[in-house]
Amino acid sequence: MADQSIPYPGTLAPVETEGGATLLEKLHSWVITVDHKRLGILYVVYSIFFLLVAGAEAICIRIQLARPNNHFLDPAVFNRFFTMHGTTMVFLVGMPILFGFANYLVPLMIGARDMAFPRLNAFSFWLTAFGGLLLYFSFIGGFGLYGMGSAPDVGWFAYAPLTARAFSPGHSTDYWALALIVSGFGTLGTAINIIATIVSMRCKGMTLRRMPLLPWLMFVVSGLTLITITPLTAAQIMLLIDRYLGGHFFDTQAGGSAVVWMHFFWIFGHPEVYVLVMPAFAIANEIIPVFSRKAIFGYSAMVAASACIAFVSISVWAHHMFTVGMTSSSNAFFTLSTMLVGIPTGIKIFNWIATMWGGKLCFATPMLFCTGFIFQFLIAGLTGIMLAVSPLNWQLHNSYFVIAHFHYVLVGAIVMCIFAAIYYWYPKATGRMMSEALGKWHFWLFVIGFHVCFDTMHVPGVLGMPRSIYTYEADRGWGTLNLVTSLGGFIQAIAVLIFAYNLIVSYFRGKPAGNDPWDAWTLEWSIPSPPPEYNFATEPEVRSRRPLWDLKHPEDPDWRYDQ
Amino acid sequence: MSTYSLAPRPQAQVWELPARGPVAMISLIIGESAIFTIFVVAYIFYIGKSLSGPTPQQVLEVPWFNTICLLSSSFTIMRAEHAIARGAMTRFSIWLTATITLGVIFLAGTAQEWHKLIYQNGLTIRTNLFGTTFYSLVGLHATHVVVGLLMLALVLGFALAEKLGQEHAERVRVLGLYWHFVDAVWVVVFTVVYVLGR
């Protein structure tokens with residue numbers, strides 16, 4: 001696409017300062033920054049770092065499981081690794097990277113100069129960052145005075161009574177609980193900030209019906225976060241009361257209930273999936289129309305479906321608990337409510353396909369990842385419907401089928417969209433394009449690795465391989481399948497390394513991007529790349545959903561079609 | 001093509017969005033409500049499940065005076081908000097002091113209640129499920145009262161130092177929202193702990 005830059009009225013050239021800043025001064029400026037763009041970048045860099053760490057843990061897990069009776073890892077280390085892998089990926093990779101994108105993009109897309117509360121924004125980031133450091137410090141500090149284990153090893157859902165003092169001595173579980181409380185408050189602060197920004201900081205003319213879909217979905221996600229992260233914080237406080245003050249919330253010997261922990265955890269845990277996946281939808285909503293050269297199909301339906309998903313998602317949590325032994329009416333309720341989520345999600349998939357239908361498709365790397373996302377998300381949804389059927393769930397629960405299903409969502413949908421977003425907005429953030437050739441290598445290797453790994457992983461699940469096991473006997477017949485799964489894991493790891501290399505090399509040697517390398521339509525492309533600190537020299541004023549289209553096509557502006 | 005007229009519809013002359021302070025505080029209140037909901041649900045679920053005494057029937061007394069104090073502090077802070085909105089700073093300080101006093105009385109009452117429970121009835125957080133859920137829920141609420149009081153005291157400090165004026169009315173309103181929330185939560189806690197649970 002042509003590198004055309006259309007000046008938005010009032011846009012100024014960036015002011016070059018920082019001529020002779022020393023390295024220390026530069027670092028200092030990043031630590032004290034309250035600029036939403038810099039904080040957004042910090043979030044993303046922080047998450048990519050932990051993505052590599054948790055990815056390395058996953059690779060160790062896959063090496064361990066590649067052969068029957070393998071002893072690559074110590075059993076205790078294996079438990080720590082799958083716990084840390086899950087916790088890291090959800091809390092230190094998924095949430096921060098998506099909130100990082102929200103931080104970077106929401107003010108730019110709604111024509112604001114910063115978030116509503118810049119200092120709260122910085123505070124939230126550093127809370128999240130310290131939560132992550134605290135969690136990983138457990139590898140060193142977890143031994144404490146007891147000499148009992150280091151990193152948390154109770155699984156990412158930390159079922160009671162395993163987390164009780166008697167069964168998890170030492171400090172590892174405390175690190176887990178405290179780290180999640182700390183990063184949870186960070187997340188809460190960010191969510192509040194995003195809501196206030198979207199409600200109160202939109203530029204002139206940007207009514208809610210003209211707001212791009214990314215801010216819209218981030219708004220819904222932040223609202224969902226308010227009521228999703230907080231139950232986890234409450235449950236963690238209860239866990240700490242049990243562990244430190246001798247409370248009995250989850251102490252079955254004193255009349256407490258382990259099932260209550262399950263409920264509290266999944267009241268957080270399931271909506272959390274939607275907190276993670278809706279920003280992925282948001283990314284697809286921005287990228288697919290631009291590379292189909294068409295406006296998004298069904299804008300209002302997209303918004304309505306997102307709100308619908310948010311509402312339904314808070315009433316589905318117990319589908320994680322069908323095997324606990326609930327009443328048949330609860331089983332029926334949670335089966336039906338879970339299936340209900342499929343309807344708004346299906347609407348979204350149809351809307352994306354309808355957006356692509358008849359469009360002038362351009363398969364640049366971001367679009368490749370989004371196309372892969374639609375396909376894989378569909379399959380993930382279908383296995384989700386299978387698991388929602390409670391009788392089938394009794395058979396498959398806590399097997400590798402479940403692991404394959406949720407990795408299909410988390411990797412096949414969310415991580416794919418995160419990659420798409422990085423390829424798409426990297427030019428805006430750095431002023432340089434990422435290498436398309438390396439991007440294509442990354443995409444194809446990743447997709448092949450993904451399918452080799454996670455398509456195969458469904459099968460040992462159906463054959464009865466339970467999750468979280470350290471190893472298995474050779475006569476089970478799971479050996480070859482696990483070897484193939486592990487191979488797929490390696491292919492993905494190579495793809496991610498190519499991506500990391502691309503990120504670094506493009507920063508120094510990438511083609512200059514210009515303001516608007518993708519010929520896109522939202523406000524962030526109207527200003528220089530990287531944007532100046534104040535974003536917009538004068539406050540923009542919009543008349544339609546695609547303000548840049550209006551500028552580029554004065555003969556056929558969007559606002560002619562009543563919105 | 002379209003049959004609409006080519007001229008854009010006239011823009012609304014004033015472009016006004018809600019102030020960010022109240023929006024953020026309302027969001028915080030929604031999040032806090034979820035935390036309290038979990039603790040309230042735990043309390044209700046564990047009513048009557050303690051394996052040993054003392055039970056709520058034996059030891060709890062309804063704190064009527066405390067409740068009246070805390071709930072009327074919602075009224076006094078409302079008066080304070082009205083006063084600062086009109087720039088009547090002396091009246092503002094008086095109403096704010098009244099609010100703080102009522103809050104402190106509430107906390108003192110809670111302290112007295114806990115002292116009695118711990119030293120006379122032998123109920124601590126580790127005694128039984130009732131103790132665990134009672135001290136957590138009431139303690140969580142009391143923590144919010146303490147935070148609210150600290151912020152109110154800070155505002156009073158600024159007011160007495162004459163650093164506060166009519167232009168800060170909105171910020172005081174935001175703080176007022178939080179204080180109303182703390183009071184509203186007490187209505188729920190009161191109902192659950194002292195009415196349903198007894």
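Where in chain A is the place of A:Pro530? The legends below, for a predicted model, start with that residue.

View 1. A:Pro530 sits in the loop that runs between helix H14 (479-509) and helix H15 (547-552) of chain A. Most peptide bonds are trans.

**View 2. A:Asn535 has a positive phi.** This residue, too, is found in the loop between H14 and H15 of chain A. Phi of A:Asn535 is near 65°, and the residue is not a glycine. Most residues other than glycine have a negative phi. A:Asn535 counts as buried because it has 21 C-beta neighbours inside 10 Å, where the cut-off is 20 or more.

**View 3. A cis peptide bond joins A:Ala160 and A:Pro161.** Omega of this bond is about 0°. A:Pro161 lies in the loop between helix H4 (118-141) and helix H5 (172-200) of chain A.

**View 4. A:Ala158 is a non-glycine residue with a positive phi.** The value is about 45°. A:Ala158 is found in the loop between H4 and H5 of chain A. With 22 C-beta neighbours inside 10 Å, A:Ala158 counts as buried.

**View 5. Chain B touches chain A.** The contact takes 35 residues from chain A and 31 residues from chain B. On the side of chain B that touches chain A, helix H1 (20-45) and helix H5 (129-160) of chain B each supply at least two residues. H1(B) gives the most to this side, with 13 residues. By type, the residues of this side of chain B are 20 nonpolar, eight polar and three charged.

Notes
Residues are numbered from 1 along each chain as its sequence is written. Chains are lettered from A and ligands numbered from 1 in the order in which they are written. This is a predicted model: local features need pLDDT of at least 70, side-chain atom pairs count only at pLDDT 80 or more; totals for chains, interfaces and linings use all residues. Two residues are in contact if their C-beta atoms, placed from the backbone, lie within 7 Å. Helices (H or I, at least four residues) and strands (E, at least two) are DSSP runs, numbered from the N terminus. Ala, Val, Leu, Ile, Met, Phe, Trp, Tyr, Cys and Pro count as nonpolar, Asp, Glu, Lys and Arg as charged, and the others, Gly among them, as polar. A residue is buried if 20 or more other C-beta atoms lie within 10 Å of its own, exposed if 12 or fewer, and partly exposed in between; C-beta atoms are placed from the backbone.
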